Amino acid sequence: ALPGHLLRGLLPLLTVFHLERAEDAARRAGVSTQPVWRKLWDDVMKTRPPNSESITCWRKKFLETFFSNVLHGVLDVSSDWRLNDRHFSPLLHSSPHVSQLTLCNMLQGAVELTAQHNHRVLENLAGSLRILKFQHLLSCDQPVRHSLVLLLHRLIHHGSVSQVSMCSWPVPDTVLLLLILSMSAGFWRSGHALSYQGSPCGLCREDKAQSRESAQEGAERGCNAEQEGSSGETQKGSPEEAEARVNCVLSGPRSPPLGNPACEETRSKVPCDHSSIQGGSSPRCSLEHLSCHSVPQKTRRRLKPAVGRKRRCLRRSRGHYADPEDLYDFVFTVAREDNSGLLDKTRSTEGENTENWTSSSSGSPCTGHAGCKKRGGPAGIFSLKAAHRFRSVSTLELFSIPLTGETCRALSNLLSSWVSLENLVLSYNGLHANISCILSGLRALSRHPECRFRVLRVSDMFSHMPCMELVRCVLSALPQLRMLSVSFDLKNHLDGNRPEENPSCSEAEIPESCLEVLEIRFPREPLHTAFLLPVLKASKSLQQLSLDSATLPCPQELMLLLEGLKECTPNLKKLSFHDVNLAEHQKEVLLLLQDPGLQEITFSFCRLFESSTAEFLSEIINTVKRNSSLKSLKLPGNRLGNHRLIALADIFSEDSSSSLCQLDVSSNCIKPDGLLEFTKKLEGHIQQRGGQIPFTHLRLFQNWLDQDAETAQEALRRLKAVCSVVNDSWDSSQAFADYISVM
């Protein structure tokens, strides 16, 4: 009820607890609390957050970071009087604002959050948290893993987490890694309710009760139909078949048994099974006919004792396996008899051509160079037949985590039925030939009617195969992709291990694709338009194309690419070249700037003006002035310098029909005096046009503005009256010293 001016003066005097409670009153009075939260950040955190210009709510930013710092013990609440309030519970009161959380090292944060006294904190996180990250993880003992299970179960299976990211794990603990992956995919053991201090999970009890009701109804319907249709057949009414029907109902339509055998580590090539991609099923690798109804009774009776013997053996040999909910027992249960039974069944039904086989429940061809033949090993497969399917995440990101062959096979197994997955990012995982195993799981997923998978990003240090061949294989396997990014730093350092081009991928026609965004970073490979053209022809919906670090093998190659783009991609809106030498391709650059379909063009570090004349710059300016469709022009890293920047202001002259809104001139050796002259010239054009120009955004990162701070500040002040300016406090002298040191 306080007047606005009094409330505005009172807010800085409040503790965090009371500031939170005053939010509604401040909103009703039209008073913003953002300056108070920003000052609180500066006083308490004492750091400048990255991308601070894009922060829209300092209240959320402060409380989210505050929660993380308190959880990990890096912030003392007694250090500031505004935090030291007897009514204020740091974790409890800040948890509703946490949408992203990072757990590090030995998962101390997971142990703290699952402690009984933080039960309400965890409940708040279950409703607010969207992104869960793991960073720099270390091996941990059984109690810590159990806390992690409780955390993942509540936040993913019964919560709102939609993205799981793991990064910087040079020597991953395989048990821990696969535990996180399997629970992110929605799998956990059925029949073992997770608990807090011995109390069963209430949410699981509710789900189980509903499943029992559905199972009972399904079993009754099945029995009635069976009695009506074949009352004389006693075999269909056997106890084994009744149990199988109930298990199918309990597992639900998206939870088939996933006891997939592992595919063998690939050795030389990445096969691309186009027959399965086109909708047909390869006879050597399809097991779609196998289901819980079709497994022979003698096999089913034999498997159960086998699994039991395996578990009893584990409990006798290792004391801590006696826990019925033991994590290792869940993730790595391997029944050799089970695999043999499935293999025998496959061979008996598919004939002699099933040497390269897979037991994916969805029929995924998880093949390496010699097919899927590996059966043993502690981490060879996931035994998920007894697992219950819970809610799963839609985004999975793995950064700088080496993935072995067995880990890739397990991941492929999970991917094959991960229908909620929309985005997959695999970055610097050392996949090499194991990329084929990942693709086989994604291929199986793409055939699922409920598949939502749309975005795939793959980046690594070395490329196992030519970039364009990999792109063709991915699009052939996943025609429903909307976005594909393939990035490699270097060619394979061992030429003998680099496979020849796979004719099955390079010669087969690519099916029509839904691709809208394609990004390719070549490891200094030549850009052959002949290889890119089939991809463009199959991607009629392509709207954005980015080509990075490619070399042009001949002067005509870029012109062939432009002709292909004009012919095959009528919907292309954004085109980007990065680190591609265009110094000798001035004609093609001008043709691109004339294209009426393109709305954004990027020439980043393309050496545009390395051997150009003043006439070339004038032609660029005049071309952009006549193009009314171009909205964004990005020219970072092209050594514009002061004089070329000043000339670019003529794009907005009185006789211009340009609609250019955004200009990026980062990393272009621009000095403060040049920026000031550009600003004055721009102001003159604005006056001539009656104060109206379309220009709204200017990016100035990593220029030499620190050489004259006073002039730079004046230029920036005047520019910000015209448009939004994004720059940084870059130390050009230190950057130059760093450049010299690595020469």
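Modeller: Let's start with the lining of the largest cavity: Leu431, His432, Ile435, Val458, Asp460, Phe462, His464, Met465, Leu470 and Phe488. Keep in mind that this is a predicted model.

Biologist: What makes the space inside that lining a cavity and not a pocket?

Modeller: A cavity is a set of points where a 1.4 Å probe fits but cannot get out, whereas a pocket is an open set. The space here is about 80 Å³, and the structure holds four cavities of 30 Å³ or more. As a general idea, rolling a probe the size of a water molecule over the atoms shows where empty space is left.

Biologist: Which strand gives the most to the lining of the largest cavity?

Modeller: That's β10, residues 455-463, with three residues.

Biologist: How many of the lining residues fall in each class, nonpolar, polar and charged?

Modeller: Seven are nonpolar, two are polar and one is charged. Asp counts as charged, and Asp460 is in the lining.

Biologist: On to β15. Why is strand β15 described as largely enclosed by the rest of the structure?

Modeller: Five of the five residues of β15, residues 600-604, are buried, so the strand counts as largely enclosed. Buried means under 20% relative accessible area.

Biologist: Which residues of β15 are on one side and which on the other?

Modeller: Glu600, Thr602 and Ser604 are on one side, with Ile601 and Phe603 on the other, and all are buried.

Biologist: What makes a crossover right-handed?

Modeller: Look with the strands pointing away from you: if the path from the first strand over the helix to the second runs clockwise, the crossover is right-handed.

Biologist: And what makes β15 and β16 a pair?

Modeller: Three bridges join β15 to β16 (residues 632-634), and the two run parallel. The cut-off is at least two bridges, so this counts as a pair. Thr602 has Lys634 in β16 as its bridge partner. The chain crosses from β15 to β16 through helix α24 (residues 614-626), again in a right-handed β-α-β crossover.

Biologist: How many bridges join β12 to β13?

Modeller: Five, and those strands run parallel; β13 covers residues 544-548. Val517 has Gln544 in β13 as its bridge partner. Helix α21 (residues 529-538) carries the chain from β12 to β13, and this β-α-β crossover is right-handed. Strand β12 (residues 517-521) also pairs with β11 (residues 483-491), in the parallel sense over five bridges. There, Leu484 stands opposite Leu518 in β12.

Biologist: Now some single residues. Why is Ser420 called buried?

Modeller: Ser420 has a relative accessible area of 9%. The cut-off for buried is under 20%, so Ser420 makes it. Ser420 lies in the loop between α17 (405-415) and β9 (423-427). Leaving out residues up to four places away in sequence, Ser420 touches Ser392, Val393, Ser394 and Arg452.

Biologist: Why is Thr711 called buried?

Modeller: Thr711 has a relative accessible area of 17%, and that is under 20%, so the word applies. Thr711 lies in helix α27 (residues 709-720). Apart from neighbours within four places in sequence, Thr711 is in contact with Pro672, Asp673 and Leu676.

Terms used. Residues are numbered from 1 along each chain as its sequence is written. This is a predicted model: local features need pLDDT of at least 70, side-chain atom pairs count only at pLDDT 80 or more; totals for chains, interfaces and linings use all residues. Side-chain values use heavy atoms; hydrogens and water are left out. Helices (H or I, at least four residues) and strands (E, at least two) are DSSP runs, numbered from the N terminus. Buried means under 20% relative accessible area, exposed over 50%, partly exposed in between (1.4 Å probe, protein chains only). Contact means heavy atoms within 4.5 Å. On a 1 Å grid over the protein atoms alone, a cavity is a set of points where a 1.4 Å probe fits but cannot get out, and a pocket is an open set with protein on both sides within 12 Å along at least five of seven lines; lining residues have an atom within 4 Å of a point. Grid points are joined across faces, edges and corners, and a volume is the space filled by probe spheres set on the points.
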